[in-house]
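Me: I have a structure open and would like to go through it piece by piece. Can you keep the answers plain?

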Amino acid sequence: MGKADQTVKGRVPEPMKILYITPRYYPHIGGVEYVVKSVAERLVRWGHKVAVFSGEPNIEIPKEDNVNNVHVIRWPVWSPSNAYHVPRKKTLFERMLENLLDDIDVLHIHNIHSVLTYYAWKIWRRRKNCKLILTPYYHGTGHTVIRRMLWIGWRRIIRRIIRDAYRVHTVSQLEASLISRDFQVPAVPIENGVEEKVKRLNWKPSNYVLYAGRIEKYKNIHRLAKIILMLNKKYGYDLSFMVIGEGPYREKLKKYLDNIGINYVISHFKPYEEYLKILSQAYFFGLLSEKESYPQSVNEANAIGVPVVIAKPWGANFNKRRRTLIIDPESNSEVLAMKISEFLKQVANEPRSNVPTWDEIAKIYIQKLYS
């Protein structure tokens, strides 16, 4: 792709040197990993010099490699249950980051739920020689009792990082509102994109409901299963439940699904192409969690045209999307099953949503975050 393709409103930006900080990176699967990879690889193609500094729980010493022309530095971290991401070998860590910061234009840190973010910010603060961009994925608090307690002190640190940032980038308008409410800092909402090939897929429904993502209790996967049972028993559907993901609630979820007698499959994360095929054949995609930022799974389902059932309040981020039902989790499950049944009867007649591609979103990054 040539320089002309970088044009944002007619202007060709100068090549930049950008360093991303992220808790994990490809081949790990997750929303943040996917967002950073999608943008970084496009910026490289457009002539920018991009490096990713990533936490990696499965190594003892730092490693460097190249992923589709993106220089990736993987740093050993302590990461119980894939959380916290506390860097090890801190003296060496600080020396490495200081060297990297000597020659960049933009430091873009992802995820304020990672301790790696704090150390990267602390090192940046010593010199402040480049633009600091922060994408927090802020939900207002933690999602477990322990994490909510930790947030009491952590919030003070995050406040300082947010106020130091040149731009605070949120992935939704709702998240921008939370940042403004809790930290009195304006944010730049830019939603996530999808791969161009996702938009070329079509919805070909089979007889399963799909959930994909972290398997945590607060995701309300068990409640979705209960509603699927009601759809089958009361409204004549014949739906099974497919769960793709990993997380600490996995075994308890299996026991629950066994007890209620639903036909289900739980599998680990799939290769991307395989996942897209499974998604395109879902009867609908369900996510009843009340604590989200901007799930890529919903974004991709919308792009394919798969019907989506999502919960308030964050579901309001998708209120202009077609084939999308936003439900109130305060309603009882019988009421929700009735609404979902009515939604499913009509949804095939609606057009699919117009979801932006990553090419479009990366150009907005350059214009609104880095320029």
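Reply: Start with a definition: helices (H or I, at least four residues) and strands (E, at least two) are DSSP runs, numbered from the N terminus. By that scheme, R323 is found in the loop between β14 and β15.

Me: What kind of model is it, and how are residues numbered?
Reply: Residues are numbered from 1 along each chain as its sequence is written, and this is a predicted model, in which local features need pLDDT of at least 70, side-chain atom pairs count only at pLDDT 80 or more, and totals for chains, interfaces and linings use all residues. Side-chain values use heavy atoms, with hydrogens and water left out.

Me: What is the mean pLDDT of the chain?
Reply: The mean is 92, and 96% of the residues reach 70 or more. pLDDT is the predictor's confidence in each residue, from 0 to 100.

Me: Where does pLDDT stay under 50?
Reply: Over residues 1–10. For that stretch the model has 15 contacts beyond four places in sequence, a contact being heavy atoms within 4.5 Å.

Me: Back to R323. What is its phi, and is it buried or exposed?
Reply: Phi of R323 is near 50°, a positive value in a residue other than glycine. R323 is buried, with a relative accessible area of 12%. Buried means under 20% relative accessible area, exposed over 50%, and partly exposed in between (1.4 Å probe, protein chains only).

Me: Where are the cis peptide bonds, then?
Reply: One joins Y26 and P27, with omega about 15°. P27 lies in the loop between β1 and α1 (31–45). Another joins K312 and P313, with omega about 0°, and P313 is in the loop between β14 (308–311) and β15 (324–327).

Me: New topic: α2. How far apart are its end C-alpha atoms?
Reply: They are 16 Å apart, which agrees with the 16 Å that the 12 residues of α2 (residues 90–101) should span at 1.5 Å a residue. The expected span is 1.5 Å times one less than the number of residues.

Me: Which residues of α2 are buried?
Reply: F93, E94, L97, L100 and L101. They cover an arc of only 130° around the axis, which puts them on the same side of α2. The arc is that of the directions from the helix axis to the C-beta atoms.

Me: What covers them?
Reply: The cover includes β1 (17–22), β2 (49–56), β4 (70–78), β5 (86–87), β6 (106–110) and α3 (115–127).

Me: What does T22 touch?
Reply: T22, in strand β1, touches V32, V36, V52, F53, S54, G55, H110 and L116, not counting residues up to four places away in sequence. At 1% relative accessibility, T22 counts as buried.

Me: How many residues are in the largest nonpolar core?
Reply: It has 89, and those with the most contacts inside it are Y20, L43, L210, F241, F284, F285 and Y370. A second, separate core of 39 residues includes W75, L116, C130 and W151. A nonpolar core is a set of buried Ala, Val, Leu, Ile, Met, Phe, Trp, Tyr and Cys residues joined through side-chain atoms within 4.5 Å.

Me: How many aromatic pairs are there?
Reply: The structure holds 14. Y118 and W121 form one that is tilted, 6.0 Å centre to centre with 45° between the planes. Rings of Phe, Tyr and Trp (its six-membered ring) pair if their centres lie within 6.5 Å; planes under 30 degrees apart count as stacked, over 60 as edge-to-face and the rest as tilted.

Me: Where do Y118 and W121 sit?
Reply: They are three residues apart in helix α3, so about one helical turn separates them. Y118 is partly exposed at 22% relative accessible area, whereas W121 is buried at 3%. As for another pair, the rings of W314 and F318 have their centres 6.2 Å apart and their planes at 90°, so that pair is edge-to-face. Both W314 and F318 are buried.

Me: Which residues do ring pairs link into a cluster?
Reply: F53, W75, F93, Y118, Y119 and W121.
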